[in-house]
Amino acid sequence: MIDSTVLGASAVVCLVVVVLFTITRCVRYVGNNRVAIVEKIWSRKGSISAGLIAMGGEAGYQPVVLRGGYHFFVPFQYRVHSQPLVTIPQGQIGYVFARDGAPLEPTQTLASNAATADFLDVAAFLANGGQKGPQRTILREGTYAINLSQFVIVTRERIYGLMLESNDHALFSEMQALIEEREGFFAVVIKDASDLIGVVTVHDGPALTADQIIAPEVGTDQADGVTFHNSFQDPEKFIAAGGRRGRQLQVLVEGSYFINRLFATIEMVPKTVIDVGHVGVVISYTGDSGADTSGEEYRHGELVDRGTRGVWSEPLLPGKYAFNTYAGKVLVVPTTNFILKWDQELTGQHKFDENLSEVSLITKDAFEPTLPLSVVVHIDYRKAPLVVQRFGDIKKLVEQTLDPMVSAYFKNVAQKYTLIELLQERSDIQAHAGEEMRAKFGAYNLELQEVLIGTPRAAPGNDQIEKVLQQLRERQLAEEQVTTYAKQRVAAEGEKELREAQARAHQQTAITESELSITVQENQGKASVKRATQEAEQTRTLAKAEADKIRIVGEGEAAKTIALAGAEAERITRTGLATAETIEKQAAASGGAQYQLTRQVIERLADALEKSGVDIVPRVQINTGGAEGGQGSGAFQALIGMLLSEKGVAMLGNQVAANDAPTSPPSNDTIAAE
């Protein structure tokens with residue numbers, strides 16, 4: 001009975017003790033994978049006057065956390081909040097938010113950790129001037145026993161923290177979503193194969209000055225441990241080096257970077273790739289003002305050295321460059337030959353000629369064709385910056401300078417040619433155009449390689465040019481037909497010869513016999529010809545001998561006749577001279593030529609009357625009485641009177657003179673006159 005009473009009393013006491021321990025919570029067990037945050041409910045030192053953490057033993061959240069094991073407390077004085085350890089997975093980042101500490105400066109976005117970055121010691125953090133709010137320092141992989149009443153840790157999987165207010169979880173969830181949007185829970189990884197670079201924009205630190213559009217590079221010297229921020233992974237050193245907020249000139253290249261995305265965001269952009277056959281002309285928007293290096297002759301702008309503001313005088317050669325395209329622009333200029341096509345239907349890969357169209361012409365004979373053409377151009381890589389500085393880019397050069405220049409040139413050329421000449425002399429026009437336009441292109445630091453002219457086209461709806469071309473085609477077709485016919489004739493003759501050869505082969509025996517017969521006959525004919533030739537030669541020889549005989553005999557007869565004629569002429573001459581001398585003497589004996597003439601006339605008249613028997617005196621005379629003295633005048637009287645007149649004497653004198661002339665043979669002129 002006594003034992004039962006004792007046992008019952010002991011059980012009651014134990015129950016009371018358990019109840020008291022449970023109610024007073026003076027003994028607490030903390031697991032090894034958790035921490036306990038102690039909150040003092042009351043204290044003889046009273047409550048804290050400012051902040052959240054009771055640094056002097058006041059009532060409130062205590063700076064020290066309890067680790068695994070049993071812990072004894074004064075009954076009814078403490079409240080213990082059990083929280084898990086903070087775990088950051090491999091390759092991820094944890095962000096820290098401090099609830100208590102010094103306030104941020106007006107220009108700050110994140111709390112500075114230059115004095116303290118030990119989030120495990122709350123007392124040291126607050127004592128050394130730690131600031132409240134999101135921290136610049138991040139947590140890397142590992143497990144941390146952090147006082148979650150002072151610090152809230154945001155990771156990708158969860159939010160570690162003691163939620164003091166009902167809306168705390170919503171606020172930190174927004175922070176988590178922002179970091180997730182910036183992919184801030186993972187390291188920035190840039191792979192070689194991606195050909196990307198990271199352009200960094202810093203959201204903390206002093207602002208840029210009015211003359212800056214991008215923050216210059218700072219803290220890149222690895223030898224300076226105070227300012228080397230290792231590609232923005234240490235925000236405090238970046239600020240200490242003089243870094244400014246805004247987009248940075250320095251970029252991230254291949255590698256892994258653990259960067260606080262609340263401090264800096266990363267934009268991935270492609271590398272600048274300069275292919276073979278091209279160069280990159282850099283137009284820098286940042287840097288100091290540089291001196292002009294273009295020379296005194298160049299009056300189209302300034303060229304500056306690398307790293308300064310303006311157009312760099314040295315282009316980027318083929319390769320890959322981690323160039324910040326927000327800090328400048330790289331114009332890719334082809335250094336190999338490229339073709340500009342004045343043709344709406346064709347565009348080069350470089351797109352420089354996408355706005356070019358055929359050149360509208362007016363020919364000498366008033367046709368209005370459009371001329372497609374191509375120009376092969378080359379740019380010296382050393383002159384590429386000059387071209388860019390002068391024209392802005394290659395496309396502007398083509399559209400604002402080359403297009404009007406080339407169009408005007410070919411318009412002027414077309415006015416000197418008819419449409420047919422323009423078609424037929426295209427090669428010469430093309431050669432002359434290349435020579436004349438080479439100097440014009442050289443004035444723009446371009447090298448003209450060749451000008452290629454296409455076939456003129458008619459405007460839509462106009463078929464006049466097509467008619468001319470059709471005429472040319474028909475003309476060419478006719479010429480080709482003539483050639484075809486000639487070849488067909490040759491082929492026909494060849495076929496004829498083939499047929500003859502085939503027929504000859506079939507009739508070879510008969511042909512052979514006939515050919516032999518022909519040969520025999522030809523030989524006989526040749527023998528006959530030979531005999532005839534010999535006989536003809538004999539006859540010719542005899543005839544020639546006979547002809548020579550006749551000629552010689554004729555020449556002898558002619559000589560004889562000439563000799564006889566000469567002797568006869570000599571005789572006649574001498575006889576005439578003797579007769580003349582006799583007559584002259586007779587005239588002189590008769591009393592003169594007049595009387596001699598009268599005598600001769602009367603003698604000849606008497607002879608004539610004697611032979612004819614005519615009466616000198618008419619037997620019957622009839623007188624009309626018209627004559628003076630009644631005497632009639634007859635023909636005889638008239639004849640006698642004329643002979644006795646001076647006229648008769650003159651006639652006689654001429655005759656005598658003629659008789660006195662030498663007796664030479666009559667000339668051809670005399671014979672002709674007679």
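These legends describe close-up views of one predicted model.

The model is predicted, so local features need pLDDT of at least 70 and side-chain atom pairs count only at pLDDT 80 or more, while totals for chains, interfaces and linings use all residues. Residues are numbered from 1 along each chain as its sequence is written, and side-chain values use heavy atoms, with hydrogens and water left out.

**View 1. Strand β7 and its two partners.**
Strand β7 covers residues 94-98. Helices (H or I, at least four residues) and strands (E, at least two) are DSSP runs, numbered from the N terminus. Of the 5 residues of β7, 4 are buried; buried means under 20% relative accessible area, exposed over 50%, and partly exposed in between (1.4 Å probe, protein chains only). Two strands pair if DSSP finds at least two bridges between them. Strand β8 (residues 133-139) runs antiparallel to β7 and is joined to it by 4 bridges. Here phenylalanine 97 stands opposite proline 134 of β8. Strand β10 (residues 151-154) also pairs with β7 in the antiparallel sense, over 4 bridges. In β10, phenylalanine 151 is the bridge partner of alanine 98. In a regular strand, side chains alternate between the two faces of the sheet.

**View 2. Aromatic rings around phenylalanine 151.**
The whole structure holds 11 aromatic pairs. Rings of Phe, Tyr and Trp (its six-membered ring) pair if their centres lie within 6.5 Å; planes under 30 degrees apart count as stacked, over 60 as edge-to-face and the rest as tilted. The ring centres of phenylalanine 119 and phenylalanine 151 are 5.3 Å apart and their planes are at 65 degrees, so this pair is edge-to-face. The two residues belong to distant parts of the chain, 32 residues apart: phenylalanine 119 is in the loop between β7 and α2 (122-127), and phenylalanine 151 is in strand β10. Both are buried. Ring pairs link Phe119, Phe125 and Phe151 into a cluster.

**View 3. The pair tyrosine 409 and phenylalanine 410.**
The rings of tyrosine 409 and phenylalanine 410 have centres 5.2 Å apart and planes at 90 degrees, so they too form an edge-to-face pair. Tyrosine 409 has 9% relative accessibility and therefore counts as buried. Phenylalanine 410 is buried, with a relative accessible area of 2%.

**View 4. The largest cavity.**
A search of the whole structure finds 1 cavity of 30 Å³ or more. On a 1 Å grid over the protein atoms alone, a cavity is a set of points where a 1.4 Å probe fits but cannot get out, and lining residues have an atom within 4 Å of a point. The volume of the largest cavity is about 60 Å³. Its lining includes Leu361, Phe410, Arg426 and Gly454. Helices α6 (394-414) and α8 (426-442) each supply at least two lining residues, and the largest share, 3 residues, comes from α6. The lining divides into 9 nonpolar, 1 polar and 1 charged residues. Ala, Val, Leu, Ile, Met, Phe, Trp, Tyr, Cys and Pro count as nonpolar, Asp, Glu, Lys and Arg as charged, and the others, Gly among them, as polar.

**View 5. Alanine 115 in its loop.**
Alanine 115 is found in the loop between β7 and α2. At 56% relative accessibility, alanine 115 counts as exposed. Alanine 115 and glutamate 236 are 121 residues apart in sequence, and their C-alpha atoms are 9.7 Å apart in space.

Methods. 1 Å grid on protein atoms, 1.4 Å probe; cavity = no way out; pocket = protein on both sides within 12 Å on 5 of 7 lines; lining within 4 Å. Points joined across faces, edges and corners; volume = space filled by probe spheres on them.
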